[in-house]
Amino acid sequence: MSGMGLGGLALQTEPSATSIVAGGAVRRAQVSAAEFVLFTQFGRRRNLVADEVLFQRGDTGTSMFIVISGAITLDFGPGQAPKQLGAKDFFGELGLLIDGHLRSSAARACCDTVLLEVSYVNFQRLIDHDPAMVVFFLRRTLWRVVSSEQRLIGQLSRRNEELETALGNLYSASHELQSTRELIYSDDLTGMGNRRALTVYLQNSHRSERRPQGLLLIDCDDFKGLNDSQGHLAGDHMLQCLGRVLSSVAGKDDIACRLGGDEFCVLLQEADAERLSRVGSFILEAVRGLVAFPGAMPGACSVSIGLVLMDPKAHWNDAYSRADSALYEAKRLGGGRMQWTPD
């Protein structure tokens with residue numbers, strides 16, 4: 001202790017034991033008996049009934065309050081635990097220290113409650129009356145505010161770490177979901193869409209009423225012979241190369257799929273007979289330049305193509321059946337060609 005103030009209170013160089021506990025946690029803000037006696041000389045009583053609101057969060061604060069009897073609940077808003085105050089607890093002191101201070105919580109009486117209200121004007125009178133007591137009170141108050149801020153910073157830091165962890169988990173889950181989606185809707189060998197992807201494409205087209213206008217059904221000629229003579233690695237290589245060719249002719253609104261084995265299809269959102277023929281010719285020419293396996297001459301494998309202009313009112317099965325008939329005809333004629341649906 002360094003001396004006695006005018007109000008008979010000892011001035012201390014550190015906050016009293018009533019405000020700090022082990023570990024640095026701040027106890028409830030209470031006035032001492034001597035402080036309470038002095039504050040009563042400059043404050044006025046306020047009587048609140050149960051559930052009466054004293055102030056709302058965001059209100060401008062100009063007074064400090066001390067609980068004489070009863071209880072007050074401070075509500076700091078969503079995500080923060082409310083705080084209950086009892087006899088000799090004080091709150092709202094920042095309204096005396098910061099001009100235009102906005103309340104950080106709402107205050108409500110839990111039961112019939114009696115408060116002592118100290119206004120800004122009366123607090124200034126109290127300073128003139130006993131400055132030493134006020135200095136000690138303010139030092140203790142500011143220490144509590146700083147400690148609360150430090151706790152808040154610690155809580156925010158922990159929440160930030162938790163948020164970063166949650167975002168990391170969300171990113172991982174999103175990545176896994178995207179990977180799973182790719183596995184579900186992509187062909188393992190070629191990376192193209194598969195039958196599931198085709199089904200989704202057709203469903204979306206039906207819902208949007210923007211149905212594809214052209215269908216190319218593609219099948220490798222004598223693919224079994226290539227597998228038997230050169231092995232399945234050569235066959236897989238051929239399918240991958242063909243997949244890249246077909247994917248190159250499909251625009252953002254189109255789709256190229258591997259239906260299974262050596263059967264593929266391309267659906268064009270916008271097409272007429274001329275465009276279908278042009279795309280079919282490109283595919284035939286590109287496949288003729290493919291090398292089916294190391295050391296092979298270009299053109300070791302050819303494809304047949306069935307072409308169909310799709311009726312927007314007809315079912316997909318009808319278009320597929322017609323394209324399949326055209327494909328069968330192309331193969332019957334020797335393969336390595338495209339064919340329209342026989343009349």
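This note walks through the cysteines and the salt bridges of the structure above.

1. A word on the model. The structure is a predicted model, in which local features need pLDDT of at least 70 and side-chain atom pairs count only at pLDDT 80 or more, while totals for chains, interfaces and linings use all residues. Residues are numbered from 1 along each chain as its sequence is written, and side-chain values use heavy atoms, with hydrogens and water left out.

2. How many disulfides does the structure hold? There are zero, a disulfide being a pair of cysteine sulfur atoms within 2.5 Å. Cysteine 110 is in no disulfide, and its nearest cysteine sulfur, on cysteine 111, is 6.2 Å away. Cysteine 220 is also in no disulfide; here the nearest cysteine sulfur belongs to cysteine 301, at 4.6 Å.

3. Are these two cysteines buried or exposed? Buried means under 20% relative accessible area, exposed means over 50%, and partly exposed lies in between (1.4 Å probe, protein chains only). Cysteine 110 is partly exposed at 28%, whereas cysteine 220 is buried at 2%.

4. Now for the charged side chains. The count comes to twelve salt bridges, where a salt bridge is a side-chain nitrogen of Lys or Arg within 4 Å of a carboxyl oxygen of Asp or Glu. Among the residues involved, Arg44, Arg46 and Glu117 are linked in a network of salt bridges.

5. Have a look at aspartate 187 and arginine 258, whose side chains meet in a salt bridge with N and O 3.2 Å apart. This pair links distant parts of the chain, 71 residues apart: aspartate 187 sits in the loop between helix H4 (131-185) and helix H5 (195-208), and arginine 258 sits in strand S10 (residues 255-260). Helices (H or I, at least four residues) and strands (E, at least two) are DSSP runs, numbered from the N terminus. Aspartate 187 is buried, at 14% relative accessibility, and arginine 258 is buried too, at 15%.

6. Which residue forms a salt bridge with arginine 288? The partner is glutamate 285, with the closest N and O atoms 3.2 Å apart. Arginine 288 and glutamate 285 are separated by about one helical turn because they are three residues apart in helix H8 (residues 273-288). Arginine 288 is partly exposed at 42%, and glutamate 285 is exposed at 52%.

7. Helix H9 (residues 316-332) holds both glutamate 329 and arginine 332, three residues apart, about one turn of the helix. These two form a salt bridge, with their closest N and O atoms 2.7 Å apart. Glutamate 329 is buried at 18%, while arginine 332 is exposed at 54%.
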